[in-house]
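Let's take a walk through some charged pairs and the helices around them. Have the model open as you read.

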Amino acid sequence: MSAQVRDCDICIVGNGAVGKAAALGFVQAGLRVTLLCAPGSGAPAVATIVPSAEWDVRVYALNHVAHDLLSSLKVWDALDQARVAPVSAMQVQGGGGVDAGKLGFDAYGAHVNELAWIVEDKNLNQALDTALRFAQNLTLVQGRAQALVVKPDAAQVVLDDGSSIHASLVIGADGAQSWVRGACDIGLDYRSYNQLGVVSNFECTKPHHGVAHQWFVQEQGIIALLPLPGNRVSLVWSAPDVLAETLLREPLSALVERLMPYCGEVLGELQPVLPEAIKAFPLRLMRPHSMVAPRVALVGDAAHAVHPLAGHGMNLGFADVVDLLKVIKAKEPHRDCGDARLLGRYQRARKEEVMLMLATTDGLARLFASDLTPLRTIRDLGLNLLDRLPVIKNKLIAHAMGK
């Protein structure tokens, strides 16, 4: 009996939020798509949506590019809107002290209703799963890829059960440890920040008014408190490894005590959201030497990993999908989805934004990690000066929103 062969236009490896969005975008563009998920990762196209009262500690600050993409895919309205918090302003403070530099952004100054939206990982993925359940020309396959064979006219993904997927284009949406990227032998610049992103949720006694707060606290890393619906906030603490391990071992009451000197004045007392939960994930910079290979395109964390201080990891991934969709939708009739010229256009479309975000987040992470007094003084003066230059500040806001 011969092994099963599936034919499609596009094979997407990886079923995270970026991979799911790409699958929806391409099937809605009339292409045949196969979404390859790892065994045991769940079946998004047939997932049962179970509402939960618990608040996910992993959240994303989605910008306008992400919002517009999800809206065009009919996913945004499928989100549980009662669990989505608009961000109306952001306050950044360097050093954490009274004399530290300060910088503020607000939606009014940017001429928009919201700067961003805070969305839980679970809420986002459940909305994507709902849309995938009704997608036409989508095949869901659970399996583990073993080999990638690229030929002039197609690519073949061979699975561990002997079956294979033939496609004009393979999209690697399989995360920071991307199998697709490795199979293409794409080189990688990698550096660990020796930090963990510690996340948890809290109730606050003062209203947050939709304001996101961020404190740069030198040797203790970067503390961000993002607004959630009601009087809740989501903590993202980019903490050095040793401190992070301590935070994970301590009760959340001890974490609250550590946070109060920074947020007490603006948010009041904090109380862990029940049931209490705390998680952490490693922070690293990853810059693949290319986002494309013959008949392959990388998106999301497979294509780049940045420091979360600007909250743009997921936004970059959704912007990858937007640009790849644009390129393939505009392709000449004689080209297929994996044509080398199309992939070159995609790489050029993404190069500037990705490199700018990598350089900016890395530079800021290094700058604010320094405890040298001259650097700290210049840094705080810079924040205060920037806060008084509305033209430059508004350009930064527009870039952050993806406009």
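D129 counts as buried, at 9% relative accessibility; buried means under 20% relative accessible area, exposed over 50%, and partly exposed in between (1.4 Å probe, protein chains only). Its salt-bridge partner is K20, at 2.8 Å from N to O, where a salt bridge is a side-chain nitrogen of Lys or Arg within 4 Å of a carboxyl oxygen of Asp or Glu. K20 sits in helix α1 and D129 in helix α4, 109 residues apart. K20 is buried too, at 5%.

Other buried residues in α4 include N123, L124 and L128. Helices (H or I, at least four residues) and strands (E, at least two) are DSSP runs, numbered from the N terminus.

## Where the numbers come from

This is a predicted model: local features need pLDDT of at least 70, side-chain atom pairs count only at pLDDT 80 or more, and totals for chains, interfaces and linings use all residues. Residues are numbered from 1 along each chain as its sequence is written, and side-chain values use heavy atoms, with hydrogens and water left out.

The whole structure has 13 salt bridges. One of them joins R32 to D9, with the closest N and O atoms 3.4 Å apart. R32 is in the loop between α1 and β2 while D9 is in strand β1, so the pair ties together parts 23 residues apart in sequence. R32 is partly exposed at 39%, whereas D9 is buried at 16%.

R350 pairs with D323 at 3.0 Å, linking helix α9 to helix α8. Salt bridges with shared partners join D320, D323, R350 and E353 into one network.
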